[in-house]
Amino acid sequence: MKNKLIFIFLDGVGLGKNVKSNPFTKAFMPTLFNLVGEKLTNTTNVVKQNFLMRGIDACLGIEGIPQSATGQTSLFTGYNAQAFLGHHLMAYPNDQLIAMINKRSIFKYAKENYIKSIFANSYTDGFFKSFDKDSSNYSVTTRCVLAAKNNFNTMNDLVEGRAVHWDITNLTLQDMPNNKIPLITPFIAGENLKNLTNDYDLILYECFLPDLIGHRKDMNKSIMFLEMFDEFLRGVIHDKPENIHVLITSDHGNIEDLSFGGHSKNEVPFIFMGKETHHFLKVKAIDELFDTIFSKLFDTASITKFEKI
């Protein structure tokens, strides 16, 4: 059977110290605990058969605090976007980063190499009504979909279980006018994500809830999120066939230290599950994941990291 990958991107999750301001030390996360054997902190480093968990660098040699636009561009293009700009860029990609994404987004590169891929997230009707491809307010992941000329998932896809919303359970959709989107359990959302492997080889899912909660320094909501995510992960890996691999990582730290409500320079977690784990043992930074995914897991040609854009 051919290799498949579920890539779970969590915005704003780092590995912090074992202190009271770190919700990872308080949350009940049995799924991750059973895999890792301890609560996730900056000292966690686990390598065993078919499983890897360690911290990787998100600063990429550039002074300052890592930010979303550059971090996500590095993750989803394999370029060192921080070094290319010479600084970290927050929020949405600028024209230079968009050019990077248009050249080699994760979905575009997959399509060019005959790897069937999908961005698992659902988009609301409002997105389609106001759609403007020249808007400056689109995320890196949205830009990655546009670069590949792939379709966006709709609310109908979400209802039919062919997509997962960014908040996992559809809670943020409940106040929409004429709402017909049901609340679902985190476990079912995880199973829905896993089931996309029936039709796709590479599935990317984004949840930016931890970054939002981290900025608010809300310990109770942080714990609730981590426990919800743990149950979501249980759904993803429940009865998972051995050819399906799971990768979890982030673009920068935040939620792991609620003492100040901002991004951190902490390493971000890199979790990999599956029979091809050995290929990822040398990954030390977020911009190295792209090449390893495609050249090792999907057996494409090795990617040049610093080619001219």
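For the residue classes used below, Ala, Val, Leu, Ile, Met, Phe, Trp, Tyr, Cys and Pro count as nonpolar, Asp, Glu, Lys and Arg as charged, and the others, Gly among them, as polar. The model is predicted, so local features need pLDDT of at least 70 and side-chain atom pairs count only at pLDDT 80 or more, while totals for chains, interfaces and linings use all residues. Residues are numbered from 1 along each chain as its sequence is written, and side-chain values use heavy atoms, with hydrogens and water left out.

A pocket, on a 1 Å grid over the protein atoms alone, is an open set of points with protein on both sides within 12 Å along at least five of seven lines, whereas a cavity is a set of points where a 1.4 Å probe fits but cannot get out; lining residues have an atom within 4 Å of a point. Grid points are joined across faces, edges and corners, and a volume is the space filled by probe spheres set on the points.

The largest pocket has a volume of about 620 Å³. Of its 26 lining residues, Y92, S139, T142, E206 and F208 are the closest to its centre. Two or more lining residues come from each of α2, α7 (140–148) and α10 (209–216), where helices (H or I, at least four residues) and strands (E, at least two) are DSSP runs numbered from the N terminus. The greatest contribution, 3 residues, is that of α10, and the lining as a whole divides into 10 nonpolar, 13 polar and 3 charged residues.

The second largest pocket, with a volume of about 340 Å³, is lined by 13 residues, of which L171, L209, I213, M224 and M228 are the closest to its centre. Here α10 and α11 are the elements that give two or more residues to the lining, which holds 8 nonpolar, 2 polar and 3 charged residues.

Helix α2 (residues 68–77) is mostly covered, since 10 of its 10 residues are buried, that is, under 20% relative accessible area, with exposed meaning over 50% and partly exposed in between (1.4 Å probe, protein chains only). Just after α2, G78 takes a positive phi of about 85 degrees.

Among the aromatic side chains, the search finds 22 pairs, in which rings of Phe, Tyr and Trp (its six-membered ring) have centres within 6.5 Å, and planes under 30 degrees apart count as stacked, over 60 as edge-to-face and the rest as tilted. The F272 and F280 rings are stacked because their centres are 4.0 Å apart and their planes lie at 25 degrees. F272 is buried at 0% relative accessibility, and F280 is also buried, with a relative accessible area of 0%. Elsewhere, ring pairs link F107, F119, Y123, F127, F128, F131, Y138 and F152 into a cluster.
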